[in-house]
Amino acid sequence: MTETIAAPRYIAYVPLADLAPAPRNPKRHELELIIASIDMHGLVEIPVVDERTQQTLHGHGRRESLLEMQNRGMRVPGGIVVDEDGSWLVPILRGWSSKSDAEAEALAIKLNRLPGEGGWDPRELAEVLEDLATNEAALFDSLAIPHDEIDKMLGQVDPETLSGGGREDETPLLHLPDAGERGDEVSPDDEGRALHTTCPACGHMFTSGR
């Protein structure tokens with residue numbers, strides 16, 4: 001029996017302008033959030049290219065964001081190499097080849113959809129969010145998690161399971177005041193953001209980085 005050896009995966013740097021998109025990509029992107037993340041952390045998750053088509057299989061949002069960053073004259077993010085002529089070279093994952101357009105599109109959907117299918121552990125996420133909001137406000141603020149998502153998540157948390165225990169005299173609470181409660185106007189950047197949150201573990205009220 002002859003064993004088929006799969007092509008090895010490897011990273012190569014290619015000109016950003018030469019990174020071709022797939023002809024059909026149903027995934028939408030919040031480009032401003034991706035741009036902010038790349039600007040803060042660098043390019044961490046690299047695009048994937050289909051060897052058969054030489055088109056982007058996964059990473060269209062990162063591709064578009066990098067092109068926009070370059071057009072805006074933003075600083076070169078970590079992970080990007082600048083060529084002699086000033087062109088941005090982006091790392092891509094190579095070595096996988098589709099058997100057909102249908103397989104390429106199916107895998108593209110899986111790569112975007114499957115990572116989020118497991119959801120979040122609400123207890124552990126609540127602990128991480130509290131630590132970030134308390135100790136690293138700028139990082140917490142950069143998450144841009146909408147009010148309703150945090151509210152729904154904390155509603156699933158049993159305070160007794162959190163590391164800080166629970167307060168017998170207080171019900172776990174997420175309080176997100178509106179403009180009237182805060183006494184000022186809510187800017188466009190504030191919409192959908194967690195401003196004030198009461199930790200269900202210890203009852204501590206923390207705010208995002210403002």
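I take contact to mean heavy atoms within 4.5 Å. This is a predicted model, in which local features need pLDDT of at least 70 and side-chain atom pairs count only at pLDDT 80 or more, while totals for chains, interfaces and linings use all residues. Residues are numbered from 1 along each chain as its sequence is written, and side-chain values use heavy atoms, with hydrogens and water left out.

**Entry 1: His60**

I looked up His60 and found it in helix α2. Helices (H or I, at least four residues) and strands (E, at least two) are DSSP runs, numbered from the N terminus. I noted His60 as buried, because its relative accessibility is 7%. For that label I use these limits: buried is under 20% relative accessible area, exposed is over 50%, and partly exposed is in between (1.4 Å probe, protein chains only). Which residues does His60 contact, leaving aside its neighbours within four places in sequence? I listed Pro21, Ala22, Asn25 and His29.

**Entry 2: salt bridges**

Side chains of opposite charge can pair when their charged atoms come close. I count a salt bridge when a side-chain nitrogen of Lys or Arg is within 4 Å of a carboxyl oxygen of Asp or Glu. Searching the whole structure gave me 10 salt bridges.

I checked Arg75 and Asp39, whose closest N and O atoms are 2.9 Å apart in their salt bridge. This pair links distant parts of the chain, 36 residues apart: Arg75 sits in the loop between α2 (60-71) and β4 (81-82), and Asp39 in helix α1 (residues 31-41). Arg75 is exposed at 55% relative accessibility, and Asp39 is partly exposed at 25%.

Next I took Glu51 and Arg94, a salt bridge with its closest N and O atoms 3.0 Å apart. Is Arg94 buried or exposed? I have Arg94 as buried, with a relative accessible area of 14%, and Glu51 as partly exposed, at 22%.

I then looked at Arg72 and Glu68, where the closest N and O atoms of the salt bridge are 2.8 Å apart. Arg72 is partly exposed at 41% relative accessibility, and Glu68 is partly exposed at 30%.

**Entry 3: helix α3**

Helix α3 (residues 101-117) has 17 residues. I work out the expected span of a helix as 1.5 Å times one less than its number of residues. For α3 that gives 24 Å, and the end C-alpha atoms are 24 Å apart, which agrees. Where does α3 bend? I found a bend of about 30° at Leu111, with a proline, Pro115, following within four residues. The bend at a residue is the angle between axes fitted to the seven residues ending there and the seven starting there. After α3 comes Gly119, with a positive phi near 70°.

**Entry 4: nonpolar cores**

I define a nonpolar core as a set of buried Ala, Val, Leu, Ile, Met, Phe, Trp, Tyr and Cys residues joined through side-chain atoms within 4.5 Å. The largest has 14 residues, and those touching the most other members are Leu43, Leu66, Met69, Ile80, Trp88, Val90 and Ile92. α1, α2 and β5 each give two or more residues to this core, and β5 gives the most, with 3 residues. I also noted a second, separate core of 9 residues, including Ala133, Met153, Leu154 and Val157.
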